[in-house]
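Please look over the sequence and the structure shown below before reading on. The paragraphs that follow then lead you from a sheet to its helix, and on to a few single residues.

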Amino acid sequence: MKTRTLASILAIFMVLTLLAGCNGSAPTSDSVPSSGETPSVENEKPYDLTLAITVGSDYPDQSKVTQAMQELVLKELNMNLNLVLLPSSPEQQLMLMLAGGEDLDVFPLPSGNAMSYISNGYIQDLGPLLEKHSENIKKVYGDEYNIANISGFVYAIPINKERDYAGGMIMRKDILDACGIDVGENCSKLTCLDDMTAIFAAVHEKFPNMIVFGGSHIYTPASIYLGRGIDNLGNEYGVLLDPANDTKLVNWFESEEYLHRVQLMREWYQAGYVQKDLSTSTDSGTAQMRAGNLFCDFDLVKPYRDVEAELATGYPCVVFNFDEPIKNGVTLSDGWCIASQSKNPEKAMEFLDWMYGSAEFMNLWNWGIEGEHWSYIDGNKILIDYPEGVDMNSVGYHQNRGWTIPNQFIAGIWNGNPADLANVMADYNKNMTVSKGYGFFFDGSEYETELANLDAIREKYAYVIGSGAVDPETEIANFNKELYDAGLQTIIDAKQAQFDAWLASK
Amino acid sequence: MKDKATKAQSAGEKKLHRKNQIRKWAPAYLMMLPGLLYFFINNYIPMTGLIVAFKKYNVRDGIYNSPWNGLQNFRFLFTTGDAVTITRNTILYNLAFIIVNTLLGIVLAIMITEIRHKLAKKVYQSVILFPFLVSIIIVSYISFAFLSADNGLINRTILEPLGKESISWYTEKKYWPFILTIVNTWKTAGYSSLLYIAAITGIDDTLYEAAKIDGAGKFQQIWRITLPSLVPTIITLALLNIGRIFHANFGLFYQVPMNSGSLFDVTNVIDTYVYRALLKIGNIGMASAAGFVQSVVGFVLVYLSNLLVRKLSPDDALF
């Protein structure tokens, strides 16, 4: 009897603790803000704002920098900043945060995901919010401040950077010199991609153990879905081959240019220039070059890309821009969004707008703390460099990822770049050829079945063919056959119809 | 009259009896309650979310208020030209894995239980279990160390010194059914042997003693005593595995072949296909539809195989 009573008591106790557990986790919403930090000017409780950002690598001083960012935001905006760090390709992490309704206000839109984020209801329409807070954004973009929209739904504020996705070959200058190859100032002696063959052959002969061309499988002249002097209007299925003059959509994977690039890659692969595992490699060309055994990789380029490459790899680099820069709308979808689960979208918008105008915040984010991770080297407080006694290997924080932060040009410009980099970029953007589709973005929400199947087929072929690992003669034919079987023509037709309607409404 | 009275009496007794029974087992029921609650909250309530497979889901309206979408979400699974390939791969690989793992698991279990030296037994057991605890990402890089075209162990230290052409493993389809089976066996055989070791330890020792007295040799003991005693465990495990035959081990099929496109014909399974197709689109309805199909097929298969087992040996059926 005694044991049974004891057992009953124990059992009841277990049930009670279980229920208590359910109860205890309820959020205590009306907690008093810690007294010391609240600014005296405003009595309002600080808004808890969650900002997700991408980082290239972990730095030991991250927590110090985060704290400085939090202090700045609390001081200037009366908000408690909660910083979430994501890897440089954050699609999966974001998907989980968005679908799971986790705390999130402002986050970077992975390029190309605009349409799916709208149709899944993940993001806020920024249009109405921009009426309240757009002062700094308008300073940057003028009338184009709401250009990143799909049929009126403003999905993002674009990142302030180059408005094209031209590709280029990044080569190590010391190796070129060792082989006695002169490519001229800014590679002026090279005219087209075919010119690389002779260079590769020379490097391969002189350094037989070096990987001549390599990188990540996504970044080869033939497998990337950006650049190429074309405009893909949001996805790879139906592109403008001559975006400045023609508005007819065609299949890129059947075009002469694609075939030519694939054949070149195949030629290089068979000659032994290309990294053998390129079609499955996930190590970026930058990382491989830094490791010391890679001569050349392919990447997106822009003015002063060689400076950026040298900073990142530690080797002097030259860049051959072989794509014509085309101002296209896809670059606009590289931007900053407000999540639909934001508890106060207006506050989030206020913060988003503030970021485009806060040099201090941009500096903290990209370069770290002044005096510790960087310092000004000129009187005008524009150019910056490592502080004395600190270098690339010992610095505690140095993201150097200007293309991911909202407005890199108000922050310090790293030494090696011209002091007027902002103007150089503005001119670059202003003077490049504009695609007829600039501002148009395909809305594929009605065609998700086809797009899902097409994406799966692209994954299957694009990188293997693009790395030269298989015979393009047969594989390209198979690739296109599968694409058409999965409804490529349906997508091209739908895209053409939307595009024509958009052109007519302009 | 008398009959009725006794009946009433016995009914009353029964009631009393039942009451006593409940009183008697009350603590046990109470102790079961947390488990039941957990099971209900964690396994049954989420099942209502299955309706998302039939909806055009968006976050703003939530699971229950999003508009209905009929069977639209299921289309991408069946309209793709790869439907046959992915179904075939999923089922054949899983079948192969079930057979190889069961056979090897039993052999390993018998071998390990026959070891008399205590320390050696523990060492062997831990060594074959270890791969099961290794993350699949690490497994994929271990495989890469063997198979890499540039620096792989097989190409560099076996094929090249023998004067043979090195093989570009990640673009050659024909090797992968074997590579995947080997990797999977290496990784999971230890775990399945663990279950059989537990079952063998549970066999009554007197059976073996009696067999010895009757003059049975080692192999006869294994054949006549160990294996028959393992049959219920084998059937239960096989049924559980059949229930998951439509679920592929994502890590194995995605990470180990390094997501190489030219291998898709032999490495693409339902889970990897869904992942590749929906990564960009992120349609939760379509992803749930795929999961729904997998579960339904798994349920039907378990039910059918259980029917079969009940026909052949009723004692061993699960339900």
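In chain A, an open sheet of 4 strands has the order S8-S9-S7-S10, with mixed pairing; strands (E, at least two residues) and helices (H or I, at least four) are DSSP runs, numbered from the N terminus, and two strands pair if DSSP finds at least two bridges between them. The edges of this sheet are strand S8 (211-214) and strand S10 (317-321) of chain A, each of which pairs on one side only. From one strand to the next, the twist averages 25 degrees. Strands of a sheet pair through backbone hydrogen bonds, either parallel or antiparallel. Strand S7 (residues 166-172) of chain A and S10(A) run antiparallel and are joined by 5 bridges, and Arg172(A) has Cys317(A) as its bridge partner in S10(A).

This is a predicted model, in which local features need pLDDT of at least 70 and side-chain atom pairs count only at pLDDT 80 or more, while totals for chains, interfaces and linings use all residues. Residues are numbered from 1 along each chain as its sequence is written, chains are lettered from A and ligands numbered from 1 in the order in which they are written, and side-chain values use heavy atoms, with hydrogens and water left out.

Helix H11 (residues 305-313) of chain A lies across S7, strand S9 (294-301) and S10 of chain A, running at about 140 degrees to S10(A); axes are lines fitted to C-alpha atoms, for helices over the stretch in contact, and angles run from 0 to 180 degrees between N-to-C directions. Contact here means heavy atoms within 4.5 Å.

Gly468(A) is buried, with a relative accessible area of 0%, where buried means under 20%, exposed over 50% and partly exposed in between (1.4 Å probe, protein chains only). Not counting residues up to four places away in sequence, Gly468(A) touches Met265(A), Arg266(A) and Tyr269(A).

What does a search for disulfides, pairs of cysteine sulfur atoms within 2.5 Å, find over all chains? The search of the whole structure finds 0. The sulfur of Cys187(A), a buried residue at 2%, is too far for a bond because the closest cysteine sulfur, in Cys296(A), is 9.6 Å away. Cys192(A), partly exposed at 31% relative accessibility, has its closest cysteine sulfur in Cys187(A), 13 Å away and therefore too far for a bond.

Terms used. A disulfide is a pair of cysteine sulfur atoms within 2.5 Å.
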